[in-house]
Amino acid sequence: MTISTLEQMVEQHSQEVVAGLLGTSQAAISLSLKKKRDIYVVRSRGSYSAFELRPVFNTNPDLTKVKKHIRGITNANDR
């Protein structure tokens, strides 16, 4: 399993290619990038999915720590 930011995926591929992998439109990818949404793309067993990291329910988690944890999991799985 690998986890990349949406920005990283678009740098490696193109908006059109990433949109196709995620089953959405190029316009949706473009708008997500423009709005600086914190979206991550997961590749597992040849398929792709995505999730957005953001607080919910009037809470304020330390998203910086969560991102470090996500990177740690990804790096451990790459070994």
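## Strand pairing

Two strands are said to pair if DSSP finds at least two bridges between them. Helices (H or I, at least four residues) and strands (E, at least two) are DSSP runs, numbered from the N terminus. The structure described here is a predicted model, in which local features need pLDDT of at least 70 and side-chain atom pairs count only at pLDDT 80 or more, while totals for chains, interfaces and linings use all residues. Residues are numbered from 1 along each chain as its sequence is written, and side-chain values use heavy atoms, with hydrogens and water left out.

Strand β1 (residues 2-5) pairs with β2 in the antiparallel sense, over four bridges. Within β2, Arg-43 is the bridge partner of Thr-2. Six bridges join β2 and β3, again in the antiparallel sense; here Val-41 has Ala-50 in β3 as its bridge partner. The hairpin of β2 and β3 has two residues between the strands, and in this hairpin Arg-45 takes a positive phi near 55°.

## Overall arrangement

The protein chain contains four helices and three strands. Read from the N terminus, the elements follow the order β-α-α-α-β-β-α.

Of the 79 residues in the protein chain, 23% are buried. Buried means under 20% relative accessible area, exposed means over 50%, and partly exposed lies in between (1.4 Å probe, protein chains only). A contact means heavy atoms within 4.5 Å. Among contacts in the protein chain with a separation of 6 or more, 45% involve residues 24 or more positions apart.

## Two crossing helices

The axes of helix α2 (residues 15-22) and α3 come within 8 Å and cross at roughly 110°. Axes are lines fitted to C-alpha atoms, for helices over the stretch in contact, and angles run from 0 to 180 degrees between N-to-C directions. Angles under 35 degrees count as roughly parallel, over 145 as roughly antiparallel, 65 to 115 as roughly perpendicular and the rest as oblique. Helices α2 and α3 are therefore roughly perpendicular to each other.

On the α2 side, the contact involves Gln-15, Glu-16, Val-18, Ala-19 and Leu-22, which meet Gln-26, Ile-29, Ser-30 and Leu-33 in α3. The residues of this contact divide into five nonpolar, three polar and one charged. In this classification, Ala, Val, Leu, Ile, Met, Phe, Trp, Tyr, Cys and Pro are nonpolar, Asp, Glu, Lys and Arg are charged, and the others, Gly among them, are polar.

## The salt bridge

Side chains of opposite charge can pair when their charged atoms come close. A salt bridge is a side-chain nitrogen of Lys or Arg within 4 Å of a carboxyl oxygen of Asp or Glu. The count by this rule is one salt bridge.

It is formed by the side chains of Arg-37 and Glu-52, at 2.6 Å from N to O. The pair links distant parts of the chain, 15 residues apart: Arg-37 is in the loop between α3 (26-34) and β2 (39-44), and Glu-52 is in strand β3 (residues 47-52). Arg-37 counts as partly exposed because its relative accessibility is 36%. Glu-52, at 30%, is also partly exposed.

Ser-32 lies in helix α3 and is buried, at 9% relative accessibility. Not counting residues up to four places away in sequence, Ser-32 touches Leu-6, Arg-37 and Ile-39.

Phe-51 belongs to strand β3 and is partly exposed, with a relative accessible area of 29%. Not counting residues up to four places away in sequence, Phe-51 touches Ile-3, Asp-38, Ile-39, Tyr-40, Val-42 and Ile-70.
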